[in-house]
Amino acid sequence: MNRIFSARYRNRIQKILDTLKLDEVAVFSEPFNEEDVKRLVDEPFCGQIFLPRSKIKKENIHEYGGTLSASDDNTYFLRLNPSVAFSYPDRDTAELAYALMSFFSFPLSSLQNIDFDEQRELKAQSIDEIKAFLSSLSYSSKVWVYFHSTSYKDPSRLASAFRNADYIVLKKEDTKEYKRFRCALDSIIFSPLISRLSSVVEVDDFATPLSFISPLDKVILIDLEEKN
(Lines give C-alpha, C1' and ligand atoms only; values in the text may rest on other atoms or scores of the structure.)
Protein backbone atom coordinates (compact mmCIF):
# COMPACT_ATOMS: atom_id res chain seq x y z
CA MET A 1 0.00 0.00 0.00
CA ASN A 2 1.31 3.45 -0.94
CA ARG A 3 1.42 6.37 1.50
CA ILE A 4 1.13 9.98 0.29
CA PHE A 5 1.93 12.93 2.56
CA SER A 6 1.13 15.98 0.46
CA ALA A 7 -0.86 19.14 1.08
CA ARG A 8 -1.24 20.24 -2.54
CA TYR A 9 -0.31 17.49 -4.98
CA ARG A 10 -1.96 14.38 -3.57
CA ASN A 11 -4.02 13.51 -6.67
CA ARG A 12 -1.14 14.10 -9.08
CA ILE A 13 1.22 11.97 -7.00
CA GLN A 14 -1.40 9.23 -6.85
CA LYS A 15 -1.72 9.37 -10.66
CA ILE A 16 2.08 8.97 -11.04
CA LEU A 17 2.19 5.96 -8.73
CA ASP A 18 -0.82 4.38 -10.46
CA THR A 19 0.64 4.95 -13.93
CA LEU A 20 3.98 3.39 -12.95
CA LYS A 21 2.09 0.63 -11.09
CA LEU A 22 4.16 1.16 -7.95
CA ASP A 23 3.29 -0.24 -4.56
CA GLU A 24 4.79 0.11 -1.08
CA VAL A 25 6.03 3.65 -1.78
CA ALA A 26 5.73 6.63 0.57
CA VAL A 27 5.94 10.14 -0.89
CA PHE A 28 6.31 13.45 0.93
CA SER A 29 6.06 16.85 -0.77
CA GLU A 30 6.55 20.37 0.53
CA PRO A 31 5.32 21.37 3.01
CA PHE A 32 5.55 18.34 5.26
CA ASN A 33 6.09 17.59 8.91
CA GLU A 34 9.37 15.90 9.82
CA GLU A 35 7.53 14.15 12.63
CA ASP A 36 5.49 12.27 10.02
CA VAL A 37 8.74 10.95 8.58
CA LYS A 38 9.93 9.83 12.00
CA ARG A 39 6.65 8.06 12.70
CA LEU A 40 6.77 6.28 9.35
CA VAL A 41 10.35 5.16 9.91
CA ASP A 42 9.34 3.74 13.29
CA GLU A 43 6.55 1.73 11.67
CA PRO A 44 7.26 -1.64 10.03
CA PHE A 45 7.08 0.07 6.60
CA CYS A 46 9.34 -1.87 4.27
CA GLY A 47 8.79 0.27 1.15
CA GLN A 48 10.79 3.12 -0.38
CA ILE A 49 10.37 6.66 0.98
CA PHE A 50 10.79 9.72 -1.28
CA LEU A 51 10.95 13.24 0.13
CA PRO A 52 12.51 16.64 -0.67
CA ARG A 53 14.80 16.66 2.36
CA SER A 54 15.31 14.96 5.70
CA LYS A 55 17.71 14.81 8.61
CA ILE A 56 16.91 11.11 8.87
CA LYS A 57 19.29 8.90 6.94
CA LYS A 58 18.19 5.36 6.16
CA GLU A 59 18.66 2.94 3.30
CA ASN A 60 15.09 3.23 2.03
CA ILE A 61 14.88 7.07 2.26
CA HIS A 62 15.55 8.91 -1.02
CA GLU A 63 15.75 12.68 -1.30
CA TYR A 64 14.67 14.39 -4.52
CA GLY A 65 14.89 17.91 -5.92
CA GLY A 66 17.47 20.21 -7.50
CA THR A 67 18.27 17.69 -10.21
CA LEU A 68 16.48 19.12 -13.25
CA SER A 69 16.39 22.18 -15.47
CA ALA A 70 13.24 22.95 -17.46
CA SER A 71 12.52 24.49 -20.85
CA ASP A 72 9.31 26.24 -21.86
CA ASP A 73 7.96 23.22 -23.76
CA ASN A 74 7.76 20.86 -20.74
CA THR A 75 11.12 19.29 -21.49
CA TYR A 76 13.44 18.59 -18.56
CA PHE A 77 17.21 18.11 -18.57
CA LEU A 78 19.58 16.73 -15.98
CA ARG A 79 21.62 19.67 -14.69
CA LEU A 80 24.80 17.61 -14.51
CA ASN A 81 24.19 15.88 -17.85
CA PRO A 82 22.07 17.99 -20.27
CA SER A 83 22.13 15.20 -22.85
CA VAL A 84 19.62 13.34 -20.65
CA ALA A 85 16.16 14.81 -21.31
CA PHE A 86 12.50 13.84 -21.02
CA SER A 87 9.05 15.35 -21.51
CA TYR A 88 6.66 15.75 -18.61
CA PRO A 89 3.54 17.95 -18.20
CA ASP A 90 3.74 19.15 -14.58
CA ARG A 91 6.49 21.29 -13.03
CA ASP A 92 5.28 20.76 -9.46
CA THR A 93 5.96 17.01 -9.54
CA ALA A 94 8.71 16.74 -12.19
CA GLU A 95 11.56 16.20 -9.70
CA LEU A 96 9.59 13.46 -7.93
CA ALA A 97 8.62 11.82 -11.23
CA TYR A 98 12.26 11.71 -12.30
CA ALA A 99 13.37 10.29 -8.94
CA LEU A 100 10.77 7.51 -9.15
CA MET A 101 11.57 6.65 -12.77
CA SER A 102 15.30 6.66 -12.04
CA PHE A 103 15.17 4.55 -8.87
CA PHE A 104 12.79 1.93 -10.29
CA SER A 105 14.59 1.88 -13.69
CA PHE A 106 11.66 3.03 -15.80
CA PRO A 107 12.45 4.58 -19.20
CA LEU A 108 12.21 8.38 -19.14
CA SER A 109 9.38 8.20 -21.64
CA SER A 110 7.15 6.42 -19.08
CA LEU A 111 5.24 9.54 -18.03
CA GLN A 112 5.51 11.88 -21.01
CA ASN A 113 1.85 11.35 -21.99
CA ILE A 114 0.40 11.23 -18.48
CA ASP A 115 -2.88 13.14 -18.22
CA PHE A 116 -3.54 14.96 -14.95
CA ASP A 117 -7.28 15.45 -14.74
CA GLU A 118 -8.37 18.71 -13.17
CA GLN A 119 -8.83 17.99 -9.49
CA ARG A 120 -12.51 17.99 -8.55
CA GLU A 121 -12.29 16.07 -5.30
CA LEU A 122 -10.05 16.27 -2.27
CA LYS A 123 -9.96 13.69 0.50
CA ALA A 124 -8.18 15.74 3.14
CA GLN A 125 -6.57 14.56 6.35
CA SER A 126 -6.00 17.98 7.89
CA ILE A 127 -7.30 21.55 7.90
CA ASP A 128 -3.93 22.74 6.57
CA GLU A 129 -4.35 20.50 3.54
CA ILE A 130 -7.70 22.14 2.69
CA LYS A 131 -6.24 25.62 3.14
CA ALA A 132 -3.23 24.87 0.92
CA PHE A 133 -5.38 23.33 -1.81
CA LEU A 134 -7.90 26.19 -1.97
CA SER A 135 -5.10 28.76 -1.90
CA SER A 136 -3.68 27.20 -5.07
CA LEU A 137 -6.86 27.82 -7.11
CA SER A 138 -6.99 30.73 -9.55
CA TYR A 139 -9.53 33.54 -9.48
CA SER A 140 -10.56 32.93 -13.10
CA SER A 141 -13.81 31.20 -12.10
CA LYS A 142 -16.11 31.03 -9.09
CA VAL A 143 -15.30 28.17 -6.72
CA TRP A 144 -18.05 26.16 -5.04
CA VAL A 145 -17.02 23.73 -2.31
CA TYR A 146 -19.27 20.88 -1.23
CA PHE A 147 -17.84 20.11 2.19
CA HIS A 148 -18.30 17.23 4.57
CA SER A 149 -16.34 16.39 7.70
CA THR A 150 -16.34 13.53 10.17
CA SER A 151 -16.28 16.23 12.87
CA TYR A 152 -16.30 20.02 13.11
CA LYS A 153 -13.88 20.48 15.98
CA ASP A 154 -11.81 23.68 16.09
CA PRO A 155 -14.57 25.48 14.13
CA SER A 156 -12.85 28.87 13.76
CA ARG A 157 -9.67 27.37 12.31
CA LEU A 158 -11.67 25.05 10.07
CA ALA A 159 -13.83 27.91 8.77
CA SER A 160 -10.73 30.00 8.06
CA ALA A 161 -9.50 27.31 5.63
CA PHE A 162 -12.34 28.27 3.27
CA ARG A 163 -11.42 31.94 2.83
CA ASN A 164 -10.29 31.21 -0.74
CA ALA A 165 -13.56 29.59 -1.85
CA ASP A 166 -16.41 31.73 -3.13
CA TYR A 167 -19.24 29.57 -1.84
CA ILE A 168 -19.49 26.58 0.48
CA VAL A 169 -22.31 24.02 0.39
CA LEU A 170 -23.01 22.11 3.60
CA LYS A 171 -25.25 19.19 4.43
CA LYS A 172 -27.22 20.53 7.38
CA GLU A 173 -26.60 18.83 10.71
CA ASP A 174 -28.21 19.28 14.11
CA THR A 175 -25.12 19.14 16.28
CA LYS A 176 -23.41 21.76 18.44
CA GLU A 177 -20.10 21.28 16.58
CA TYR A 178 -21.72 21.88 13.21
CA LYS A 179 -23.61 24.98 14.44
CA ARG A 180 -20.40 26.49 15.83
CA PHE A 181 -18.69 25.86 12.48
CA ARG A 182 -21.62 27.49 10.66
CA CYS A 183 -21.37 30.57 12.89
CA ALA A 184 -17.61 30.73 12.30
CA LEU A 185 -18.22 30.81 8.54
CA ASP A 186 -20.68 33.70 8.99
CA SER A 187 -18.05 35.57 10.99
CA ILE A 188 -15.67 35.33 8.03
CA ILE A 189 -18.31 36.39 5.50
CA PHE A 190 -19.36 39.46 7.48
CA SER A 191 -15.90 40.36 8.74
CA PRO A 192 -14.39 43.67 7.55
CA LEU A 193 -11.27 41.72 6.58
CA ILE A 194 -11.05 40.87 2.88
CA SER A 195 -12.14 37.31 2.13
CA ARG A 196 -13.19 35.53 -1.04
CA LEU A 197 -15.88 33.56 0.81
CA SER A 198 -19.25 35.25 0.25
CA SER A 199 -22.01 32.73 0.96
CA VAL A 200 -22.98 29.46 2.66
CA VAL A 201 -25.69 27.21 1.21
CA GLU A 202 -27.21 24.55 3.46
CA VAL A 203 -28.93 21.56 1.85
CA ASP A 204 -30.69 18.49 3.19
CA ASP A 205 -28.76 16.30 0.79
CA PHE A 206 -25.82 16.89 -1.54
CA ALA A 207 -27.92 15.46 -4.37
CA THR A 208 -30.12 18.57 -4.16
CA PRO A 209 -29.79 20.41 -7.50
CA LEU A 210 -28.58 24.02 -7.23
CA SER A 211 -29.74 25.79 -10.37
CA PHE A 212 -27.74 28.94 -9.64
CA ILE A 213 -24.35 27.24 -10.15
CA SER A 214 -23.04 28.32 -13.55
CA PRO A 215 -21.47 25.80 -15.95
CA LEU A 216 -18.39 28.05 -15.85
CA ASP A 217 -18.04 27.72 -12.07
CA LYS A 218 -15.58 25.26 -10.54
CA VAL A 219 -17.19 22.72 -8.20
CA ILE A 220 -14.94 20.92 -5.68
CA LEU A 221 -15.92 18.10 -3.34
CA ILE A 222 -13.91 18.15 -0.10
CA ASP A 223 -14.16 15.41 2.50
CA LEU A 224 -12.20 15.91 5.72
CA GLU A 225 -11.25 12.91 7.80
CA GLU A 226 -8.57 14.05 10.20
CA LYS A 227 -5.91 11.67 11.43
CA ASN A 228 -6.07 10.90 15.14
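Tutor: We will go from the whole chain to helices, cores, rings and single residues.

Tutor: First, the conventions. This is a predicted model, in which local features need pLDDT of at least 70, side-chain atom pairs count only at pLDDT 80 or more, and totals for chains, interfaces and linings use all residues. Residues are numbered from 1 along each chain as its sequence is written, and side-chain values use heavy atoms, with hydrogens and water left out.

Student: How many helices and strands does the protein have?

Tutor: Helices (H or I, at least four residues) and strands (E, at least two) are DSSP runs, numbered from the N terminus. Here there are 6 helices and 12 strands. The C-alpha atoms fill a box of roughly 55 × 40 × 35 Å along the principal axes.

Student: What share of the residues counts as buried?

Tutor: Buried means under 20% relative accessible area, exposed over 50%, and partly exposed in between (1.4 Å probe, protein chains only). By that rule, 46% of the 228 residues are buried.

Student: How do I read contacts along the chain?

Tutor: A contact means heavy atoms within 4.5 Å. Among the contacts in this protein with a separation of 6 or more, 56% are between residues 24 or more positions apart.

Student: Which residues of helix H1 are buried?

Tutor: Start with the general idea. An α-helix has 3.6 residues a turn, so residues three or four places apart point the same way. In H1 (residues 10–20), the buried residues are Arg10, Ile13, Ile16, Leu17 and Leu20. They lie on the same side of H1, because they cover an arc of only 125° around the axis. The arc is that of the directions from the helix axis to the C-beta atoms.

Student: What do the buried residues of H1 pack against?

Tutor: They pack against S1, strand S2 (25–28), helix H3 (94–103), S8 and H4. Just after H1, Lys21 takes a positive phi of about 55°.

Student: Which residues of H4 are buried?

Tutor: Those of H4 are Ile127, Glu129, Ile130, Ala132, Phe133 and Leu134. They pack against H1, S8, S9, H5 and S12.

Student: Which members of the largest nonpolar core touch the most other members?

Tutor: A nonpolar core is a set of buried Ala, Val, Leu, Ile, Met, Phe, Trp, Tyr and Cys residues joined through side-chain atoms within 4.5 Å. The largest one has 29 residues, and Phe147, Phe162, Phe181 and Ile222 touch the most other members. Elements that each supply at least two residues of this core include strand S9 (143–149) and helix H6 (176–189). H6 gives the most, with 6 residues. Apart from this core lies another, of 26 residues, among them Val25, Leu68, Tyr88 and Leu100.

Student: How do I read a pair of aromatic rings?

Tutor: A pair of aromatic rings is described by the distance of the centres and the angle of the planes. Rings of Phe, Tyr and Trp (its six-membered ring) pair if their centres lie within 6.5 Å; planes under 30 degrees apart count as stacked, over 60 as edge-to-face and the rest as tilted. The whole structure holds 15 aromatic pairs. In one of them, Phe86 and Tyr98 are stacked, 5.9 Å centre to centre with 20° between the planes. Phe86 lies in strand S7 (residues 81–87) and Tyr98 in helix H3, so the pair ties together parts that are 12 residues apart in sequence. Both Phe86 and Tyr98 are buried.

Student: Why is the pair of Phe147 and Phe181 tilted?

Tutor: The ring centres are 5.9 Å apart and the planes are at 55°, so the pair is tilted. Phe147 in strand S9 and Phe181 in helix H6 are 34 residues apart, so to speak of the pair is to speak of a link between distant parts of the chain. Phe147 is buried at 1% relative accessible area, and Phe181 is buried at 0%.

Student: Where is Asn2, and is its side chain buried or exposed?

Tutor: Asn2 is found in the segment before strand S1 (3–5). With a relative accessible area of 16%, Asn2 is buried. A polar atom of the Asn2 side chain lies 2.9 Å from the backbone oxygen of Leu22, and one lies 2.9 Å from the backbone nitrogen of Val25.

How values were computed:
A polar contact is a pair of N or O atoms within 3.5 Å; within protein, one must be able to donate a hydrogen and the other to accept it, and residues adjacent in sequence count only if both atoms are side-chain atoms.
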